[in-house]
Amino acid sequence: MTEEDTGSGRYVIEGRVYPPEDQDLTNWQVETRIHVNGGEYIGFVKEDGSFTIHNIPTGSYVVEVVNPDYMYEPVRVEINSKGKYRARRVNYIQTSQVIQVPYPLRMKALSKFRYFQIREQWRLTDFLFNPMVIMMILPLLLIMVLPKMMNDPETKEDLKQITNLAKMSEMPEMSEVITNLFSGGSTAKPSTSKSKQIKKRQ
Amino acid sequence: MCIYEDQIGKFDWRQTYVGRIKFAQFDTVSTAKKLIVATEENVLAALHLKTGQVVWRHVFESASTGNIQLLHVSDKIVTVSGSNPYLVRGWDSGTGVLLWEWSLTLQDNDNADFSEWWVQQGLLVHMLPAFNSHIEVTMYNLLTGHNRGATSKLPAPWINEGCVLTPPFYSCISGNVGAQRLLSVDVTSNAVQIISKPLFDYISLDIFEGNLRPLDANSAVPGFIIDDKKIVLIKNNDFELLSVNVADESASASIIDGSNGALLLQAWTDKILGFSLIAHNVNSGQEVSELKCSDRNLRIPEAEIAAVMCTRTAKEHHACRILVNGADDAIHLMQQGGRVLWTREEALANVVAAEFVDLPVSETEATIESEFDQKEGSIWAAFSRRLQTQFQQLQTLLHSFQHRDRMVENSNSNNLVRDYFNLHKILVLVTDVGKIIGMDNLSGEILWRRYEPSLDAESVGVFTRRTAWHPPYDAYLTIVGKHEETGNGLIISLNPINGELVGERFLQLDARLLQCAMLHRADEEKLHGLAVLYEDENIQVFPVSSERLVKDMYIYVADRETAKVQGYALKYDGKSAYAQKIWSVALGGAGAAGHRIVAAAARSRLERTHSPGRALADRSVLYKYTNPNLVLFLTEGPDPVHKEVVRAVAVDVASGAVAAATSHRRARALPLAVHADNCLAYLYRSDKHRRLEIATMELYEGKERWLPAGAAFSSFASERAPAVQRQAYILPAAATAAAPTVTERSLTDRHRQAYNLPAGTTAAAPTITERSLTDRHVLLALTTGAIVEIPWAFLDPRRPAMPTAEQREEGLLPYVPELPLPADAVLNYNRTVHRVSALYTHPAGIESTSLVLATGLGECARIVRECTRTPLASSSPVPCSPPASVSVCAQCASIHVPRRHRVHQPRTRHRPR
């Protein structure tokens, strides 16, 4: 049937269209057409997806499946004067490059056409990873978690040690130094006595 | 341009058409009742019986390979299409899925056009008459195509061209004048039985004209009409003259199976009485009154019964559905009594010209306009006027509160007013059959229709001579075409808002037209005159009073077949206007015969140039060559060396100077050329690489301006060689890619580039926006049914192969030969439009918005919004007129400015013949 010559040097192009399997399609056969050379010859799809395009003279043809929703890859079919068929990938740039594909043609849907932009939807992750939200939540975490850590006895010990260390170092505070400088020695004494008092308490 | 899925149908609509009905039959078998039609446009479709909507549709090839020869509807649909070889296809009537197909090639190719086909008892019958000799009859198995026995030849020396087929009978009037006989033969019967009767048994031979026509609409009983007077049926192998005469000479008659025997149905349209339908009982000759109808208001020119279906109801009443086809391509489905259930304007499948027309402003807006129009007067007068108008507004407001209910009712009919962004317009569509239709562009609803049978719309020109921007004057639109019979000029002027004739009304001219153009200056009534150029190179201006306004006007005439273009200057000498031939160019070249013009693209009248150049990376400006008189001609012709050559020549049609030219070897041109601003693009099919290519050109003056900024372009201002020498430019020298004389003399810089298109294309158009601030796009209608938008940045001829750092800074994309056609650039998403014949674009009142109309086997209108790109983001245009921020305000203000600024330059219109 493939090499059928219908007289006067006319041939047929045969193949089968495979609809996308995941979708439950009704009546996709009516929506799908086969264009040879951009509609010079038109074929229609039968119930099972097979198609035949009759009365094609020898030559080189681009066979494409036209469906409004699904994209199919076009195939170039060459019929030589002896009636031999060769099907290959369409390459408009390197026209001499030949990557053969099986004949009779097997046209499989590549993907669904994405005609529309996807509207941005509100998603929780988008909200959470927003820098403003992170800036708000991190301090909140600190406020909530740190007191919890205080309850832990070991950390309490640790904290104490840290505070002790800070006090042991006896670093003169900047403000005190400045006030001392400006107010003279009179105020210096009470402040030192105060520090002594603290020492006594310990 | 991208839309969201929830915006489907918000900015667009699609109407599906099938074309003029050739065959129609009711599908009575399947549960959902349908009407199956096959059309002159090679479309097989099922129409919903209640609404007239297309249930499913198959579009065949537009060439003769898709011609539908036979439509047979039983439990399956059978079509025979093509013209030797033929294709026999079976379809499921419910779903429209192909069931079987087989091909059939006739050996006798010369007479194949006379073939007749019909289906009889599961066999496909093919009959081929050989006049004055014999009839060849072949029968095929409908499903497989197997031949049942050989071709049988019936000797029949009496057959002639006037014979008619009423399956299975083939009937003729033959014999010498005065002794004619009526002959008929059942071509499918095994035993050849010729029925032969003298003709004077049926009709008086004294007034006989020899006319025989079959009954219409798949008549239940084979029969024919002799001389538009008598109806003869063939029953039991004998003729039977009906007692009922043909009611009107133009009546279309059909026999249907009624409840009490067969019924004869006749339909015709009388000029005065309108549409009439009568029914008679065949056996008794009595009129069946319940089917009769006569409607004065229903105008169906040359009404013809396309299909009839009658069912019996319980009370022996007839419930009929009658499909009536008119000469204006409209089909009407009627029920008994003449009530029209639905009408389809199939003329719209063949739109030849379309025009967007602005609507008038609403009454309240008009008063505001008039308030600000009156500039003179003191401040007190203005103040009192203001108080007055505000009082009026208050009154209308109160009025609207009182009559709110009535307002809602009226709003449907009275809402033909301009909206805020001037998106709402009227589409005036001129169709091939001569029907002019006014359509609402937002809803696609037909507002008015007018059938002009004498209009030959083959090369029609539509001119909006006055827009609705000039109250109190109404809009004024003129259609210039040819007379169907004489070929002389025909002018139809109408008000595009309501479709009523105005001004010249319906005017038949006395001579053939060469060209017509609209004067660029309007008269006191804001009406632009129409200048027509007759074949004898005389000129006439409509109205005559506008003749004095003829000044600085140039028109050109392009002969499609010889590729010769001639330019005329229109002048006014104080008494009358006359045309003077000033230049002539042979685009094919002097030696090359057989060149023909495939396409001509001029700049749109509505387009304006926003920026005079584009900024380069080194802060210099590359100034554009924006010649409003430039027209791109695309020619095609044979070449001794390269088989076929496509040439693109850009001609200044005012002076005849050639601005640019290129040629492509071994290529065939497509009639698609686009011209906007300084950008030119055209398509051709490269035979060498077997692909479709789009070539683009941009014209630049160089880095220095020829004219001071703001000066209007003049085709005659720059120093150029005289017109006589110019013919030499396009000769073989121009055919080569680099023609040095052209380059240094007129243009300093030209860029060309070719891109591949991975798809077939049927129509092309540039987008037009109000102020051309938005990036330009090229719209292409593909053979797949998609309308794709390609940004000019992708088509930019300056795209370099290896961009330098400077070019990258300028924003030029590196050259990629294959153009991307992403799915989100498809304007009509999955609402495909097949066989698009043309794309029309029109600016809306809001910048970055363009209105698009695609016509083909389905009208599709679309508002294209370039919202995703801000118009000012494009770095290339050098703002010359208002700075960017101001122009945004100007867009809003432009709604209220009653007059649009038009570029005052000599303007030419073209119409290739």
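# Reading a predicted two-chain model

Q: How many bridges join strand S20 (residues 223-226) of chain B to strand S21 (residues 230-235) of chain B, and which way do the two run?
A: First the terms. Strands are DSSP runs of E with at least two residues, helices are runs of H or I with at least four, and both are numbered from the N terminus. Two strands pair if DSSP finds at least two bridges between them. Here, four bridges join S20(B) to S21(B), and the two strands run antiparallel. Within this pair, Phe224(B) faces Val232(B) of S21(B).

Q: What should I keep in mind about the model and its numbering?
A: The model is predicted: local features need pLDDT of at least 70, side-chain atom pairs count only at pLDDT 80 or more, and totals for chains, interfaces and linings use all residues. Residues are numbered from 1 along each chain as its sequence is written, while chains are lettered from A and ligands numbered from 1 in the order in which they are written.

Q: In which sheet order does S20 of chain B sit?
A: The order is S19-S20-S21-S22 (chain B), an open sheet of four strands with antiparallel pairing. Strand S19 (212-214) and strand S22 (238-241) of chain B are its edges; each has a single partner strand, so one side of each has no neighbour in the sheet.

Q: How many helices and strands does chain B have?
A: Chain B has eight helices and 60 strands.

Q: What share of the residues of chain B is buried?
A: Count the other C-beta atoms, placed from the backbone, within 10 Å of a residue's own: 20 or more is buried, 12 or fewer is exposed, and in between is partly exposed. Of the 913 residues of chain B, 44% are buried.

Q: Is Val653(B) buried or exposed?
A: Val653(B) is buried, because 31 other C-beta atoms lie within 10 Å. Val653(B) sits in the loop between S49 and strand S50 (658-665) of chain B.

Q: And Glu644(B): buried or partly exposed?
A: Glu644(B) is partly exposed, with 18 C-beta neighbours inside 10 Å. Glu644(B) belongs to strand S49 (residues 643-652) of chain B.

Q: Which residues does Glu644(B) contact beyond four places in sequence?
A: A contact means two C-beta atoms, placed from the backbone, within 7 Å. Beyond its close sequence neighbours, Glu644(B) contacts residues including Arg666(B), Ala667(B), Arg668(B) and Asp687(B). Asp687(B) is 43 residues from Glu644(B) in sequence, with 8.9 Å between their C-alpha atoms. Across chain B, 54% of the contacts between residues at least 6 apart in sequence join residues at least 24 apart.

Q: How many residues does each chain bring to the contact between A and B?
A: Chain B brings 34 residues and chain A brings 32. On the side of chain B, strand S1 (3-4), strand S6 (54-59) and strand S10 (98-104) each supply at least two residues. S10(B) gives the most, with three residues.

Q: Where are the domains of chain A?
A: Bounds come from an automatic or database domain assignment. It gives domain 1 (10-112) and domain 2 (121-170) of chain A. Their centres, over C-alpha atoms, are 65 Å apart.

Q: Which residues of chain A carry the UniProt annotation "transmembrane region"?
A: UniProt positions follow the numbering used here, with shortened feature names, and annotations may be inferred rather than shown by experiment. The unreviewed entry places this one at residues 127-146 of chain A. In the model that span is 90% helix and 0% strand, with end C-alpha atoms 25 Å apart.

Q: What is the mean pLDDT of chain B?
A: pLDDT is the predictor's confidence in each residue, from 0 to 100. The mean for chain B is 76, and 82% of its residues reach 70 or more.
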